[in-house]
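Subject: Model for your files

Hello,

Please find the model below, with the sequence alongside. My notes come after it.

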Amino acid sequence: MLHSRKLILAHFWLAFIAFGAALLLGAWQMFVRSPLSGWISNPEWYYRSLTAHGTVMGYVFPTLVAMGFGYAITESSLKQNLIGRRWAWAGFLLILMGSVVAMVPVSMGLASVLYTFYPPMIGNPLYYIGVVLVVVGSWIWVGLMSINLRIWKKAHPGEAVPLAMFANVAGSYLWAWTAVGAALELLLQIIPVSLGLKSTIDAGLARVFFSWTLHAIVYFWLMPTYIAYYTIVPRAIGGRLYSDTMGRISFILFLVVAMPIGIHHAFADPQVGAGFKFIHSAFTALVALPTLLTVFTICASVEIAARLRGGRGPFGWVTALPWKNPIMLAVAFSFVMLGFGGAGGLINMSYQLDTTIHNTQWITGHFHLIFGGAIVIMYFAIAYDLWPHLTGRSLGSEWLMRTQLWLWFIGMIITTFPWHYVGILGMPRRMAFFDYTSPALQPEALSVAISAFGGFILVISGFLFLAILYRGQFGERNEPGSYSFAQALHMPQKVPAALNGYALWVALMIGLTVTNYGYPILQLALRNDTSVPAVYVGVQ
Amino acid sequence: MADTHKHGQDIAVRTERNWAFVAILIIVGLAGMAAFAGIHQATMPQAVVETIDPTRLHLGGEFVEANLGSAVEADGSVTVRAIGQQYSFTPACILVPAQTPVTIRATSADVVHGLLVQGTNINTMLVPGYVSVQSATFKAPGEHLMPCQEFCSVGHEGMWGKVKVVSKDEFLSAMSNKKRVSCAP
């Protein structure tokens, strides 16, 4: 059994309760802007809700999942008790406090600026300070992951770091560095203006800083999912991981190339020149590489499991897979959504195609499919897999879990496919109301209504998930044994130093950030003609 | 036994390497396509960063009110100047001729807005302090909605403009005796 069970459970419960609340807000938003609902009497409620939904789903929920999972990986893969557990609790409390501090002004309508901040709009300072507390809390986790690994390495000189821990620490470093962009934006630009120390702000520079965070944060959300692909799935379905080395290479590639590509979010922005947009576009193509490698390795690993179970033929083995196993189901759904979402992502990354769908509902559809779909469905799988080891009780019926996963998959497809379609028609994002009686908007009405219906299915699935975990707290007592990760087909005898540590790769990550962001940032920071007056929101 | 293990590992590594090679080809191909389209078809983002003081737009320079709307240049192309502000565009209806190169120059007077013309590739951010430039040619006469595509505070859902595309002749007759033209009421 894991040693820090209470700590890990606290992280997961806070994450999933916050997720449930934000899920309800999301579904309400889908409903209220669809033709199923009448004219919203106060559009400000919509933007308030949208700010809360984005802040919780973007900053609080995935961060807590990565942290809780990270502590579990540390104890189970390194086979040592977590060092610095008090610090870990301090980090957890900072996140809890930060979430409350941020959500109070948001719920009062004093900070309806969305989780992407959008200066020169400026909201109540407590909102930004709350977000900073959440990030600081997560940085404690980054420090702990690094310290725990270092102590293990000292005690085990020359041994290969287990893949799960190797990936986990890579993810923590990626998060530490990518959060710096938004931190600079908040600390140097937004918070001073919000506190009234300054009254002007460079909106263009703020957008560049935010893009530094905005793309790689997605890969931070993705890390627990990829760790589950490599180290949980093959074990859970009775197979072997095809290649340990390719896993390490993929995680290193994420660490290095997830960072210097964020300006593709600013393709349509006037404050960045064409040259750097092209460089970031090309690097964005590169970040598809670790995903292509992963898809191959995981499909091969799954095939090994099928053949061990007697599967035959070039494709016939698929039927031999343990489809009744919730983890098998989750990874299959996750891959389907990753496929569609990834194809959409390739469209977004090319400047020419992006102009058709930039900032339309297509983009919202895209990241809900990738994050809400491919990534979050594996968070469910991680929770199901880990829960008996945290509670010491069996989790109950697999049938309920399969139903929950099916509902999430179906709900996400019904929500996001019409969402993509109306985006192509040019429907803009983040609007509280659409006048569907206008002949130009009428073709969008049916799709938006279908999409809202998908949102309701997601709510049912989300609450079913919470109910399964809750019931699991009171299930039959059961000693689940030690928590383990997948064995590779050919366990590496010796791993080269470059694939067992991070020094070179962290240096490359920082170096590439400097080359790809240094000039666009300095060019704007050194000009004195780009600051504009702040527009305070929520003041009567 | 050790030999079969080694043999299996060799096959695994070879297969994996072949796939990595295919994956790299895909990536290089995609980046190459984007570069080709950018250079060959001249579909590139604006090359130069231009700045402007949003607090002085109404006092002078190219975005004073009398200068907004569509203008015909010496080479026959059309330049459209527009402003986004909470929660409307000026002009609220943009008039352009079909089959004529059009350059849109726009900026924001307050917060970040976006300018998207439905049914076209015109889609740009309006960031206060900077001028956005985009070129386009409208194929046929017709009307397009032009929503603000970026959240700009509580009235965002009401910020919709319009683009009216007319034939060249119709546009020139609307232009007669005027320096700037629009279809705003």
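Predicted model: local features only at pLDDT ≥ 70, side-chain atom pairs only at ≥ 80, totals over all residues.

Overall form of chain B

Chain B contains 2 helices and 11 strands. In sequence order the pattern is α-β-β-β-β-β-β-β-β-β-β-β-α. The radius of gyration of chain B is 24 Å, whereas the globule rule gives 16 Å for 185 residues, so the chain is more spread out than a compact globule. Its C-alpha trace spans about 90 × 40 × 30 Å along the principal axes.

Of the 185 residues in chain B, 38% count as buried. Among contacts in chain B with a separation of 6 or more, 63% are between residues 24 or more positions apart.

A sheet in chain B

Three strands of chain B make an open sheet with mixed pairing, in the order 5-11-10. Strand 5 (93–97) and strand 10 (142–147) of chain B are the edge strands, each pairing on one side only. On average, neighbouring strands in this sheet are turned by 25° against each other, direction ignored.

Strand 5 of chain B pairs with strand 11 (residues 160–166) of chain B in the parallel sense, over 5 bridges. Within this part of the chain, B:Ile94 stands opposite B:Val163, which belongs to strand 11. Helix 2 of chain B lies across strand 5 and strand 11, and runs at about 120° to strand 5.

Contact between the chains

On the chain A side, 58 residues are in contact with 51 residues of chain B. The elements of chain A that give two or more residues to this side include helix 2 (43–78), helix 6 (203–231), helix 9 (274–286) and helix 10 (288–308). Helix 9 of chain A provides the largest share, with 7 residues. By class, the side of chain A that touches chain B has 35 nonpolar, 15 polar and 8 charged residues.

Backbone details to look at

A:Pro120 is in the loop between helix 3 (85–107) and strand 1 (121–122) of chain A. B:Tyr87 is in the loop between strand 3 (78–85) and strand 4 (88–90) of chain B.

Positive phi values also turn up in residues other than glycine. A:Leu114 has a phi of about 70°, and its place is in the loop between helix 3 and strand 1 of chain A. A:Leu114 counts as buried because it has 20 C-beta neighbours inside 10 Å. For B:Asn177, phi is near 65°, and the residue lies in the segment after helix 2 (168–175) of chain B. B:Asn177 has 4 C-beta neighbours inside 10 Å and therefore counts as exposed.

Regards

Notes:
Residues numbered from 1 in each chain as written. Chains lettered and ligands numbered in written order. Helix = DSSP H or I, 4+ residues; strand = E, 2+ residues; numbered from the N terminus. Buried ≥ 20, exposed ≤ 12 C-beta atoms within 10 Å, placed from the backbone. Contact = placed C-beta atoms within 7 Å. Nonpolar A, V, L, I, M, F, W, Y, C, P; charged D, E, K, R; others polar. Pairing = 2+ DSSP bridges. Axes fitted to C-alpha atoms, helices over the stretch in contact; angles between N-to-C directions. Rg over C-alpha atoms; globule rule 2.2 N^0.38 Å.
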